[in-house]
Amino acid sequence: MKNTINTINNAFDIELPSFYTDTLINYPFPQSDDPDRIEGELVKDLDWLIKTNRKLREDGFCYQDHWPNHFFAIGFDGFGNYYFINLSQEDTSIYIADHEEDFNHKEISNMELASNIEEYINDCLEE
């Protein structure tokens, strides 16, 4: 998994935050009896992470031409919505880009889904 993280960092010239990388390294989660239960919500597949984040950066999100380079998609819900983290500051929140809502990348506080990765994982496991 550390090679995956290094590949992503190099591909996008970013530094993924430790709260996220530590989570990927510790995946699957012991509290789940089905380790693939949150596979879509927290993707660990290198190809998906690179392809999806490239596509969002190049094409934008849901008919809007802008997806900031400091947003990094970490998962999806299968219905056109992406879960992402904000790399521009020390921000541990998980956000959702909902295709049925206005996507204003300057006002992401309206898109907050969980205040941290632990809350996000627990919410995913509860579903």
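Modeller: From the N terminus on, the elements of the protein chain run α-α-α-β-β-β-β-α, which makes 4 helices and 4 strands. Keep in mind that this is a predicted model.

Biologist: How much of the protein chain is buried, and what makes a residue count as buried?

Modeller: A residue is called buried when its relative accessible area is under 20%. Buried residues make up 44% of the 127 residues in the protein chain. The accessible surface comes to about 7400 Å², and carbon and sulfur atoms account for 41% of that surface.

Biologist: Why is Glu41 called buried?

Modeller: The relative accessible area of Glu41 is 18%. The cut-off for buried is under 20%, so Glu41, at 18%, is called buried. Glu41 is found in the loop between α2 (18-25) and α3 (46-59).

Biologist: Which residues is Glu41 in contact with, leaving aside its neighbours within four places in sequence?

Modeller: Glu41 is in contact with Ile74, Gly75, Phe76, Tyr83, Tyr120 and Cys124. Contact here means heavy atoms within 4.5 Å.

Biologist: Why is Met1 called partly exposed?

Modeller: Met1 has 36% relative accessibility. Partly exposed lies between the buried limit, under 20%, and the exposed limit, over 50%, so Met1, at 36%, is partly exposed. Met1 lies in the segment before α1 (2-12).

Biologist: What is Met1 in contact with, beyond its neighbours within four places in sequence?

Modeller: Leu24, Ile25 and Lys44 are in contact with Met1.

Biologist: How do you know what share of the contacts in the protein chain joins residues 24 or more positions apart?

Modeller: Taking the contacts with a separation of 6 or more, residues 24 or more positions apart account for 45%.

Biologist: Which residues form the negative surface patch?

Modeller: The negative patch is formed by Glu112, Glu119, Asp123 and Glu126. Helix α4 (residues 117-126) gives the most to this patch, with 3 residues.

Definitions and conventions. Residues numbered from 1 in each chain as written. Predicted model: local features only at pLDDT ≥ 70, side-chain atom pairs only at ≥ 80, totals over all residues. Heavy atoms only, no water. Patch = residues over 30% accessible without salt bridge, like charges linked within 9 Å, V, L, I, M, F, W, Y side chains within 5 Å. Areas by Shrake-Rupley, 256 points an atom, 1.4 Å probe, with all protein chains shown as cover. Salt bridge = Lys/Arg side-chain N within 4 Å of Asp/Glu carboxyl O. Lys, Arg positive; Asp, Glu negative; His and termini not counted. Charge placed at Lys NZ, Arg CZ, Asp CG, Glu CD. Helix = DSSP H or I, 4+ residues; strand = E, 2+ residues; numbered from the N terminus. Buried < 20%, exposed > 50% of the residue type's maximum accessible area, 1.4 Å probe, protein only.
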